[in-house]
Amino acid sequence: MRVLSGIQPSGKLHLGNYLAAMKQHIELEEKHDCYYFIANYHALTTIQDAPTLVANTRDVALDYLAMGFDPTKALLFRQSDVPEVTELTWLLSVVTGKGLLDRATSYKDKVARGIAASMGLFSYPILMAADILIYHSDVVPVGKDQVQHIEMAQDMATHFNMTFKCEVFKRPEAKLNEALIVPGLDGQKMSKSYGNAVSLFDDAKTNRKRIMSIKTDSTPLEAPKDPERCTVFGLYKLLATPAETQALEQRYRAGGMGYGEAKQMLADVVERLLGPARERRAELVKDADYVEDMLRTAGRRARETARAVMEQARAACGIVTARN
Ligand code: AMP
Ligand code: TRP
């Protein structure tokens with residue numbers, strides 16, 4: 001089974017990225033043929049400064065390695081090291097109705113947040129479909145906010161195959177885990193652009209301070225509390241063991257425990273995950289060539305797969321090239 005996913009190098013990665021996406025990516029590498037890439041072409045829709053994009057791209061690779069990604073089991077590469085994806089984006093765009101893109105909620109959300117409504121941002125889902133379809137991906141592990149984009153990729157695969165009477169593209173399926181949408185400090189979706197995130201690689205003190213600032217309701221200390229409606233508990237259950245989660249749930253329902261104590265417990269389980277990763281990252285940073293070599297080697301391998309599929313796609317629609 002071919003697994004594929006991408007992550008944008010558009011800022012510091014946070015617990016929402018890890019719990020919904022990265023964690024699945026790392027688990028899946030044990031049993032499947034996994035392709036993961038750093039979506040630097042996508043990030044250009046928001047990051048338009050060369051040194052920042054270069055640095056962010058390397059940071060994502062370091063973050064993956066530090067969180068446990070194993071380059072001997074799966075590929076991690078730069079999207080732009082497979083330039084065929086931009087060529088496929090064009091082929092898909094001629095079989096994609098504008099109405100399909102008009103319905104993209106992610107585009108509307110981004111524009112509402114003040115991101116420039118460029119053509120790149122509008123056609124973002126076509127580039128994403130090309131990313132997925134060019135590797136004949138079966139499964140795409142992502143957070144819930146990306147599901148609509150994967151449904152669009154399914155539509156594009158079908159439209160292309162129907163229009164050109166071929167079977168070039170496979171229909172991919174989204175894969176979600178229990179995290180779905182990870183809440184941020186204010187209870188809204190955790191996002192780098194909302195200022196409500198716990199970053200993966202801030203220091204322990206900063207993380208704890210931010211966790212202590214999570215918004216909670218005004219239920220008094222002695223009163224029973226509803227864990228299902230509390231952001232602190234919502235995050236805790238994604239990080240703690242089932243026994244720990246059950247214990248905290250009982251304490252919420254029994255009353256007599258304040259939110260401050262629950263926040264400290266959350267900060268502890270966050271640090272249990274991130275502390276060792278922070279140390280691994282500090283080691284990895286010292287070897288400048290390691291990350292670059294890994295990305296390049298993986299990019300070359302991914303490109304071989306992409307080239308073969310791209311040849312079929314060109315042939316299906318009658319594009320004759322002198323290249324091959
Ligand atoms: P992005 O940072 O937008 O490139 O997102 C990378 C991955 O993290 C995608 O699969 C998203 O669905 C996922 N993701 C980002 N923020 C959250 C969140 N708050 N809850 C769940 N998934 C998220
Ligand atoms: N749009 C995705 C996000 O913001 C990143 C992405 C780009 C992606 N291409 C992809 C995810 C292909 C899965 C498959 O999270």
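Trainee: Which residues come nearest to ligand 2?
Mentor: Gln8, Tyr124, Met128, Asp131 and Gln146 come nearest, out of 14 residues around ligand 2. A residue counts as near if one of its heavy atoms lies within 4 Å of the molecule. Please note that this is a predicted model, where local features need pLDDT of at least 70, side-chain atom pairs count only at pLDDT 80 or more, and totals for chains, interfaces and linings use all residues. Residues are numbered from 1 along each chain as its sequence is written, chains are lettered from A and ligands numbered from 1 in the order in which they are written, and side-chain values use heavy atoms, with hydrogens and water left out.

Trainee: And which polar contacts does ligand 2 have with side chains?
Mentor: A nitrogen atom of ligand 2 is 2.8 Å from a side-chain N or O atom of Asp131. Gln146 has a polar side-chain atom 3.0 Å from a nitrogen atom of the ligand, and the side chain of Gln8 places an N or O atom 3.2 Å from one of the ligand's oxygen atoms. A polar contact here is a pair of N or O atoms within 3.5 Å.

Trainee: How much of ligand 2 does the protein cover?
Mentor: On its own, ligand 2 has 360 Å² of accessible area, and the protein covers 90% of it. Such areas come from the Shrake-Rupley method with a 1.4 Å probe.

Trainee: Which helix gives the largest share of that shell?
Mentor: H8 does, with four residues. Helix H8 (124-133) and strand E1 (2-7) each supply at least two residues of the shell. Helices (H or I, at least four residues) and strands (E, at least two) are DSSP runs, numbered from the N terminus.

Trainee: What is the make-up of the shell around ligand 2 by class?
Mentor: The shell has eight nonpolar, five polar and one charged residues. Asp, Glu, Lys and Arg count as charged; Ala, Val, Leu, Ile, Met, Phe, Trp, Tyr, Cys and Pro as nonpolar; and the others, Gly among them, as polar.

Trainee: Now ligand 1, please. Which residues come nearest there?
Mentor: There are 17 residues around ligand 1, and Gly143, Asp145, Val182, Met190 and Lys192 come nearest. The shell divides into eight nonpolar, six polar and three charged residues. Helix H1 (residues 15-28) provides the largest share, four residues.

Trainee: What about its polar contacts?
Mentor: A nitrogen atom of ligand 1 lies 2.7 Å from a backbone N or O atom of Val182. One of its oxygen atoms is 3.1 Å from a polar backbone atom of Gln8, and an oxygen atom is 3.1 Å from a side-chain N or O atom of Asn17. Taken alone, ligand 1 exposes 490 Å², of which the protein buries 92%.

Trainee: A change of topic: where is Thr89, and is it buried or exposed?
Mentor: Thr89 is in helix H4 (residues 84-93) and is buried, with a relative accessible area of 15%. Buried means under 20%, exposed over 50%, and partly exposed in between (1.4 Å probe, protein chains only). The C-alpha atoms of Thr89 and Ala129, 40 residues apart along the chain, are separated by 7.7 Å.

Definitions and conventions
Polar contact = N/O pair within 3.5 Å; in protein donor to acceptor, adjacent residues only side chain to side chain.
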